[in-house]
Amino acid sequence: MNVTDTGDYSPFEISAALTVMVPIALAFFLVIGGVGNLVVIVAVIMSKNLRTVENIFTITFMGLSFLAVCYGFPVQLLIDIFVIRSQPGCVLLGSTLITISVQYTMILLFVTIERYVKICLPFRAHAIFTPRNVTLAVIGILIYGFLIGSGIGGIFWIDRGDVWMSERRCNLLFIIPSSRFIQLVMAHWLLPLPAMLIIYIRIFFVVRRHIRVIADLTPTTVASTISSSDPSNRRPAYVASHQAPNNPSMINPHRRFLKEARSAFVLFLVVITYVICWFPFIIFVSIGVLSDQTASAETFVIAHCFVYSSGIVTPYLYGFGNKEFRDKMISLLSSIREILRGAIP
């Protein structure tokens, strides 16, 4: 059923606040977020040490983050200020936003699971996360997100022109005139969050237990002899605190474990950032602010700025939290700066 814009929408005028807010927010997201995500992606591609199996998830996650910041956010702004509100544009662009958001959340969940297996089930990790399995998992997530955003949801768009005509803005109800399917989409956004937090609580206890075991294997004291006649026999007191475990074969596994634990901690910060960025949106949805037809455009712009800001913070948090990523990112950013200096007379 084809439904066109009936012209019943109230005239909308952009306020002075939006006139300032929208261009600044758009420029900030495109420059800071776009460059950050792109630098992480290029770092993985260019650095041999970073082209690992687990970073297949990382590069996919950053690619979706780049799409969310450089495509999703500008489209969302156009929707929020009523530039996009007709049936064809709203359904098409809104569906792509749902697709990207579901894929983004599911990839973040799978990266969390990968960290859990690497730390809590280290002997099974290499058998589970093979290049083939990881690639198939990524492809499956992308296809699944596409089906949620456009394929399966299409059955709810047929013969519902009355809902399209009654809605005055492009929102979830406009795109998907089915409360149950809206709940399904919201579940894909929200349910992975407590699951990821529970996984990180489990990782925390495993790491703490491992550190305690290593501490028990480390000598607490080191005998030191001080000879006035032979100063070379003198051993500084701080040697004890830096002494290696009794079993030399545990040094490398211990270091690898701590490296995985640091990576998991950085990813935990990414998840916390994701939760914080989504929190205002969840509150607005819970109290019905975003379903109110009289809600101002400023309310929608602010809520969606928080949601999409996770795509800005994530690449810098993830990149600078890892030494290899950090070194490569600094090198790439320095190269970009030199290119810009040469381009500006």
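## Aromatic cluster

Phe61, Tyr104, Trp189, Tyr274, Trp278 and Phe281 make up one aromatic cluster. The model is predicted: local features need pLDDT of at least 70, side-chain atom pairs count only at pLDDT 80 or more, and totals for chains, interfaces and linings use all residues. Residues are numbered from 1 along each chain as its sequence is written, and side-chain values use heavy atoms, with hydrogens and water left out.

## Aromatic pairs

Phe29 and Phe73 are stacked, at 3.9 Å centre to centre and 15° between the planes. Phe29 sits in helix 1 (residues 16-46) and Phe73 in helix 2 (residues 54-80), so this pair ties together parts 44 residues apart in sequence. Helices are DSSP runs of H or I, at least four residues, numbered from the N terminus.

Trp189 and Phe281 pair edge-to-face: 6.2 Å centre to centre, 70° between the planes. Trp189 belongs to helix 8 (residues 179-190) and Phe281 to helix 10 (residues 251-286), 92 residues apart. Trp189 and Phe281 are buried.

## Helix 11 against helix 12

Helix 11 (residues 297-308) packs on helix 12 (residues 310-320) at an angle of about 20°, with axes 5 Å apart. Axes are lines fitted to C-alpha atoms over the stretch in contact, and angles run from 0 to 180 degrees between N-to-C directions. The two helices are therefore roughly parallel (under 35 degrees).

Phe306, Val307 and Tyr308 in helix 11 meet Ser310, Gly311 and Ile312 in helix 12 (heavy atoms within 4.5 Å).

Terms used
Rings of Phe, Tyr and Trp (its six-membered ring) pair if their centres lie within 6.5 Å; planes under 30 degrees apart count as stacked, over 60 as edge-to-face and the rest as tilted. Buried means under 20% relative accessible area, exposed over 50%, partly exposed in between (1.4 Å probe, protein chains only). Angles under 35 degrees count as roughly parallel, over 145 as roughly antiparallel, 65 to 115 as roughly perpendicular and the rest as oblique.
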